[in-house]
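Take a look at the structure first, then read on.

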Amino acid sequence: MNPLSDIKGRAEIERLVDRFYEKVRADDLLGPIFNDIAKVDWSSHLPKLYAFWQAVLFRDGGFKGNPIGVHFKLLSETSMDWPRFQRWLDLFRSTVDEMFTGEHAAHIKNTAEDMAHVIYSRINNVLDPRFDPANLTPAQRARYAKYPEVASA
Ligand code: HEM
């Protein structure tokens with residue numbers, strides 16, 4: 001038996017992201033968006049995602065990007081509806097749970113969930129009252145206070 005441990009730094013983030021996108025590429029709903037529509041260049045996309053999650057967990061990694069804009073552009077070629085985000089989240093959560101356990105593992109899953117709601121509602125122009133700053137729960141408020149500012153390119 002090999003008990004799981006937490007995400008400790010860049011090495012674990014790389015293993016997690018690599019495994020997650022292996023699953024995404026093979027997925028019937030999400031695979032075609034990455035493989036056929038965006039025709040993602042994995043050699044540049046994966047390092048960007050390592051940096052993104054490193055910024056979320058450890059406030060470094062040098063991520064520069066525009067996550068809302070990138071996903072918004074996909075709308076002209078595919079639906080970005082909630083079932084797709086739900087699938088993304090299911091794959092992300094199950095990959096984290098297969099590989100890690102602990103505080104960072106929990107934080108990365110919470111952040112993914114928050115980001116999925118924010119990206120979905122912003123690009124589809126669906127206002128979600130749960131994420132209105134006026135309606136945040138104390139737990140959400142505490143979590144958001146820990147997020148780093150993400151620089152735009
Ligand atoms: C339906 C769900 C989603 C789909 C189909 C999707 C698809 C994509 C695609 C095609 C790209 C562009 C890749 C490239 O051309 O290099 C991208 C970039 C990215 N995605 Fe997603 N994504 C989804 C959800 C999410 C979620 C929930 C997060 C965050 C937790 C996320 C984080 C990112 C980031 C950080 C980038 C890089 C942004 C940049 O280059 O500025 N994605 N995604």
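Lys23 sits in helix H1, which covers residues 10-26; helices here are DSSP runs of H or I with at least four residues, numbered from the N terminus. Keep in mind that this is a predicted model, where local features need pLDDT of at least 70, side-chain atom pairs count only at pLDDT 80 or more, and totals for chains, interfaces and linings use all residues. Residues are numbered from 1 along each chain as its sequence is written, and side-chain values use heavy atoms, with hydrogens and water left out.

**Lys23**
- Lys23 has a relative accessible area of 14%, so it counts as buried (under 20%, 1.4 Å probe, protein chains only).
- The side chains of Lys23 and Glu98 make a polar contact of 2.9 Å (a pair of N or O atoms within 3.5 Å; within protein, one must be able to donate a hydrogen and the other to accept it, and residues adjacent in sequence count only if both atoms are side-chain atoms).
- Leaving aside residues up to four places away in sequence, Lys23 touches Leu91, Ser94, Thr95 and Glu98 (heavy atoms within 4.5 Å).

**Ligand shell**
- There are 22 residues around the ligand, and Phe34, Lys48, Gly65, Asn66 and His71 come nearest (a residue is near if one of its heavy atoms lies within 4 Å).
- Helices H2 (31-37), H3 (42-58), H4 (67-74), H5 (82-99) and H6 (103-124) each supply at least two shell residues.

**Polar atoms at the ligand**
- Ligand oxygen atoms lie 3.0 Å from a polar side-chain atom of Lys48 and 2.7 Å from a polar backbone atom of Asn66.
- A ligand nitrogen atom is 2.8 Å from a polar side-chain atom of His71.

Note on methods: Buried < 20%, exposed > 50% of the residue type's maximum accessible area, 1.4 Å probe, protein only.
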